Each structure stands twice: as C-alpha cells, then as structure tokens.
Amino acid sequence: MPTTDNTLDEILSLAAVHFKVPREKLTPDGDFFKALGIDSLQALDLLTRLEHHFRIELPDYELQGVTDFRTLAQRIQARL
Amino acid sequence: MKEFKGQAISWQVVNGAIELALHREPCNEIGSGTLEELETFAAALPELARDAHALIVHSTMKAGFSAGADLRELYEGSRGMEKGEAVRGVRQFLRRIHGVMNTLDAAPLTTIAAVHGVTFGGGFELALVCDIIIADRMARFCFPELRLGLIPGFGGIPRLKRDLGNAVVRDLLMTGRSFNVMKAQQVGLVSQIAAEGEALRLARATAAQVGKFDRRTAIAAKEFLKPIPYEELKREIEIFCELFAQPAVEEGLRKFVENEGVQPYLP
C-alpha cells in the first residue's frame with residue numbers, strides 16, 4: 001500500500017500535468033486553488049481525475065474547506 | 001421547424017436523429033429563456049419525429065451538460081416579492097418545465113443524453129428523461145437542491161426512483177454529493193462511458209443502431225419499459241412549492257448567488 005507521501009507525490013504530478021503548472025511550483029502545503037489557478041468547477045474536474053487515478057470514490061463533501069495538497073492526500077489515503 | 005438556432009438551444013436532424021444542442025453560457029443554466037426555447041422544441045417534436053428515429057440531447061459548453069436551474073434568475077425574480085406571489089410564479093415555471101420534460105420522456109423516439117462535465121440538478125433531470133445516458137468519463141452527477149432547502153423540482157426524484165434503487169437515491173439526495181461516471185454506471189444510471197470528448201460520437205453511433213429496428217416495435221417497447229410516474233411528478237411540484245415558501249430557501253439562494261468563494265459547487 002502506498003504511503004501518504006507517495007499519494008501526495010502522485011497528486012502533485014497529476015495536477016501539474018493536467019493544469020500545465022511546473023511541478024516544482026506545487027508544494028504540499030500550498031493552496032491548490034491558487035497554485036493551479038482553478039475555480040470550483042475545475043476543482044470537480046481535479047476530483048474526478050483523482051478518483052479515476054486512484055480508483056476510489058471520494059465524496060466531494062470531504063473536500064469542503066480543503067485547500068492544500070497534503071490534506072487532500074490524507075483524504076485520499078483514507079480510502080485506498 | 002426542421003432546424004432552429006436560439007439563444008440557449010439549437011436543433012437539427014442529422015441521419016434520422018434530432019440533435020438538440022444546449023449552448024447557454026456558462027453551463028446551460030435553465031431559466032425562463034431556456035424554458036421558452038425548450039417549449040418551442042417540444043411543440044415542434046411531433047413534426048420532427050415524423051422524419052427521425054432518435055433524439056440526442058447534448059451540450060456544446062466546455063463546463064458540462066448543464067448546471068441545472070438558473071438559481072440567479074430564481075433568486076432575483078423572487079426577492080422582495082410577496083411569498084404567495086413568488087410561490088405562484090415558481091409553480092407556474094415548474095408546471096411548464098414538467099410539460100417539456102414529460103413530452104421528451106414520452107417522445108416516440110429513442111432518446112439519448114450525451115453528457116459530459118457538470119450534470120447537476122435540472123441538468124441531471126433533463127438527462128433522466130432520456131432512454132439512454134451516455135457519459136463522458138469526466139461527467140459528474142449531483143442533486144445539490146437540499147443545500148438550498150429544496151428538493152429537485154424538474155421531475156428528478158420520481159425519475160431517479162424509476163431507474164435506481166431507493167438507497168442510491170437517498171444517498172444522492174440526502175448528502176448532496178456528486179457521483180462520477182464509474183459510480184453512475186455501477187448503480188445503473190449510465191449505460192455507456194465515453195472517452196473524454198467522445199460522448200456525442202458514441203450517441204450518434206447508438207442512434208444509428210437503434211434506427212435499424214422497426215419504429216413501432218421500439219415505441220411499444222419503450223412504453224412498456226419506461227412508464228411515466230405522473231402522480232409522483234405532480235406531488236413533487238407541490239412539495240417543492242411548500243418548501244419554497246420557507247425562509248431558509250431565500251437565505252440558501254442568497255448564499256449561493258452571492259458566494260464569491262472558490263467552492264460554491266462543493267456541498
């Protein structure tokens with residue numbers, strides 16, 4: 001089973017590729033809305049891509065108030 | 001009217017399939033303008049159906065199929081209005097949209113919703129009137145109405161109950177969460193999953209396939225398989241109107257409309 005750090009790394013890589021942001025500009029504790037320049041609809045797009053990538057179902061209410069990659073990784077890790 | 005190009009929707013007949021495109025910025029919010037054009041389409045349908053065997057409903061908007069009812073119009077239109085008058089206006093709107101939805105539901109055609117991205121609320125309800133839902137792998141389905149103190153009002157609950165188990169319906173309704181396509185297919189809502197950007201192409205291929213069969217038989221099969229829950233649909237309008245009269249709704253709508261945060265679509 002991957003560690004939370006592995007999961008975090010995969011999230012950062014996926015987000016960087018899809019939203020065309022240099023990987024090195026994304027930090028674990030950074031605000032992903034700001035770092036990726038996304039709104040709530042694009043956040044749903046990110047959620048869908050993460051669900052497909054990790055083959056999980058992540059109810060979107062679990063993302064309420066979550067803005068940093070590390071917490072996002074913890075939410076995903078809890079469902080792997 | 002064989003072809004139509006309006007502000008919110010357009011249609012044309014291609015290879016025996018009526019293609020109804022939704023194209024109102026930003027994500028096909030359904031307000032009074034869209035309703036008027038949908039009513040025009042519903043009125044034209046009997047003539048269109050003479051030369052067609054299928055109807056494909058799709059969106060040309062990048063964000064998705066439809067974000068549902070135009071909540072901004074609903075809020076602005078009812079704000080400051082005497083409550084009884086506001087409820088009468090909402091009831092009238094709902095009866096009209098139900099008229100359109102019921103016409104599409106009963107259309108003597110095989111109807112296909114080709115959905116992508118946001119398929120929420122009234123947009124989800126529009127997809128549910130169709131016989132077949134083909135979804136792009138990035139589609140998401142959601143009934144967010146309880147967040148506003150309402151239930152879905154365009155026929156969502158009776159039609160969802162028609163197609164899915166009650167436990168899934170309760171989960172969708174009571175949590176307000178959205179489902180991705182894998183979940184939607186797993187519970188029996190979506191019949192085919194398309195790669196990104198391919199849902200319309202798959203819908204056209206499916207429309208070509210259903211066109212091979214005798215139309216009268218297809219209509220008989222549809223009537224047998226897909227009864228329309230008219231009594232529940234009427235009850236839904238009344239429950240919606242009862243809830244709409246509650247103060248919590250105006251507050252919920254105001255919060256949504258005035259929300260400038262980054263997460264208004266998250267429950």
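Residues are numbered from 1 along each chain as its sequence is written, and chains are lettered from A, with ligands numbered from 1, in the order in which they are written. Because the model is predicted, local features need pLDDT of at least 70 and side-chain atom pairs count only at pLDDT 80 or more, while totals for chains, interfaces and linings use all residues.

**Core**

The largest nonpolar core has 89 residues, and B:Ile56 and B:Ala135 have the most contacts inside it. Such a core is a set of buried Ala, Val, Leu, Ile, Met, Phe, Trp, Tyr and Cys residues joined through C-beta atoms within 7 Å. Helix H3 (residues 83–105) of chain B gives the most to this core, 8 residues. Helices (H or I, at least four residues) and strands (E, at least two) are DSSP runs numbered from the N terminus.

**Sheet**

In chain B, 4 strands form an open sheet of mixed pairing, in the order S5-S7-S9-S10. Two strands pair if DSSP finds at least two bridges between them. The edge strands, S5 and S10, each pair on one side only. From one strand to the next the twist averages 20°. Strand S9 of chain B runs antiparallel to S10(B), joined by 3 bridges, and B:Phe141 stands opposite B:Phe179 in S10(B).

| Strand of chain B | Residues |
|---|---|
| S5 | 64–66 |
| S7 | 118–120 |
| S9 | 140–142 |
| S10 | 178–180 |

**Contact between chains**

Helix H3 (residues 40–54) of chain A lies across S7, S9 and S10 of chain B, at about 45° to S10(B). Axes are lines fitted to C-alpha atoms, for helices over the stretch in contact, and angles run from 0 to 180 degrees between N-to-C directions. The contact takes 16 residues from chain A and 16 residues from chain B. H3(A) supplies the largest share of the chain A side, 8 residues.

**B:Gly117**

B:Gly117 lies in the loop between strand S6 (110–115) and S7 of chain B. Why is B:Gly117 buried? B:Gly117 has 26 other C-beta atoms within 10 Å, and a residue is buried if 20 or more lie within that distance, exposed if 12 or fewer, and partly exposed in between. The C-alpha atoms of B:Gly117 and B:Met138 are 5.5 Å apart, with the residues 21 apart along the chain.

Technical notes: Contact = placed C-beta atoms within 7 Å.
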